[in-house]
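Here is a short report on one protein chain. Keep the sequence and the 3D view open as you read.

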Amino acid sequence: MIRQELLDLLQCPETKKPLRLADESLVARINEAIAAGGVKNRVGETLETPLSGGLVSEGGNLLYPIVDDLPILLVDEAIPLEQLEPLK
C-alpha cells in the first residue's frame with residue numbers, strides 16, 4: 001500500500017496533475033479483465049500480470065498500474081479505462 005505522504009507527491013507523468021489511489025473494486029475489475037486477456041496498455045500490449053493496485057489520473061480516464069506494490073508511472077504503461085466500460 002502506498003503511504004499518503006508518497007501519494008501526495010505522485011503526479012501524472014503526462015499532465016503533471018495529481019493521481020488518486022484506485023479503489024479495490026476498480027482494481028478487481030481490471031484484474032478480471034486481465035485474466036480474460038482483455039486489457040491493453042496505451043501502446044497496445046496485452047497485460048498478463050495482475051495488478052496490486054493502481055493510480056487514477058485526475059480526469060479518470062487512465063490508470064497507472066501498481067505491480068508488486070511499485071507504481072509504474074510511465075505514459076506507455078498507462079491503462080486506458082474506457083476499455084473496461086463494456087464490463088459494467
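Glutamate 58 is exposed, with a relative accessible area of 52%. Exposed means over 50% relative accessible area, buried means under 20%, and partly exposed lies in between (1.4 Å probe, protein chains only). This is a predicted model, in which local features need pLDDT of at least 70, side-chain atom pairs count only at pLDDT 80 or more, and totals for chains, interfaces and linings use all residues. Residues are numbered from 1 along each chain as its sequence is written, and side-chain values use heavy atoms, with hydrogens and water left out.

**Salt bridges**

Glutamate 58 forms a salt bridge with lysine 17. A salt bridge here is a side-chain nitrogen of Lys or Arg within 4 Å of a carboxyl oxygen of Asp or Glu. By this rule the model has two salt bridges. The other joins the side chains of arginine 42 and glutamate 14. In general, side chains of opposite charge can pair when their charged atoms come close.

| Salt bridge | N to O distance |
|---|---|
| Arginine 42 and glutamate 14 | 3.0 Å |
| Glutamate 58 and lysine 17 | 3.7 Å |

Where do glutamate 58 and lysine 17 lie in the chain? Glutamate 58 is in the loop between β2 and β3, and lysine 17 is in the loop between α1 and β1. The two are 41 residues apart, so the pair links distant parts of the chain. Lysine 17 is partly exposed, at 40% relative accessible area.

Arginine 42 sits in the loop between α2 and β2, while glutamate 14 sits in the loop between α1 (4-9) and β1 (20-21). They are 28 residues apart, and this pair too links distant parts of the chain. Arginine 42 is partly exposed at 37%. Glutamate 14 is partly exposed at 42%.

The helices (H or I, at least four residues) and strands (E, at least two) named here are DSSP runs, numbered from the N terminus.

**Helix α2**

Helix α2 has twelve residues. From its first C-alpha to its last, α2 reaches 16 Å, close to the 16 Å expected at 1.5 Å a residue. The expected span is 1.5 Å times one less than the number of residues.

Which residues of α2 are buried? They are Leu26, Val27, Ile30, Asn31, Ala33 and Ile34. These residues lie on the same side of α2, because they cover an arc of only 160 degrees around the axis. The arc is that of the directions from the helix axis to the C-beta atoms. On the other side of α2, Glu24, Glu32 and Ala35 are exposed. An α-helix has 3.6 residues a turn, so residues three or four places apart point the same way.

The buried residues of α2 pack against β2 (53-56) and β3. Just after α2, glycine 37 takes a positive phi of about 80 degrees.

**The nonpolar cores**

A nonpolar core is a set of buried Ala, Val, Leu, Ile, Met, Phe, Trp, Tyr and Cys residues joined through side-chain atoms within 4.5 Å. The largest has 14 residues. Those with the most contacts inside it are Leu26, Ile30, Val39, Leu63, Leu81 and Leu84. Helix α2 (residues 24-35) gives the most to this core, with five residues. A second, separate core of ten residues includes Ile2, Leu62, Ile66 and Ala78.

Take leucine 26. Contact means heavy atoms within 4.5 Å. Neighbours within four places in sequence aside, leucine 26 is in contact with Val56, Leu63, Leu81 and Leu84.

**Strand β3 and its partners**

Five of the six residues of β3 are buried, which leaves the strand mostly covered. Two strands pair if DSSP finds at least two bridges between them. β3 pairs with β2 in the antiparallel sense over four bridges. Here tyrosine 64 in β3 is the bridge partner of leucine 55. In the hairpin of β2 and β3, with five residues between the strands, glycine 60 takes a positive phi near 75 degrees.

β3 also pairs with strand β5 (residues 79-80) in the antiparallel sense, over two bridges. Leucine 62 stands opposite proline 80 in β5. The pairing of β3 and β4 is antiparallel as well, over two bridges. There isoleucine 66 stands opposite proline 71 in β4.

**The β3-β4 turn**

The hairpin of β3 and β4 has two residues between the strands. Aspartate 68 has a positive phi of about 50 degrees although it is not a glycine. Aspartate 69 has a positive phi of about 65 degrees. Most residues other than glycine have a negative phi. Aspartate 68 is exposed at 66%, and aspartate 69 is partly exposed at 49%.
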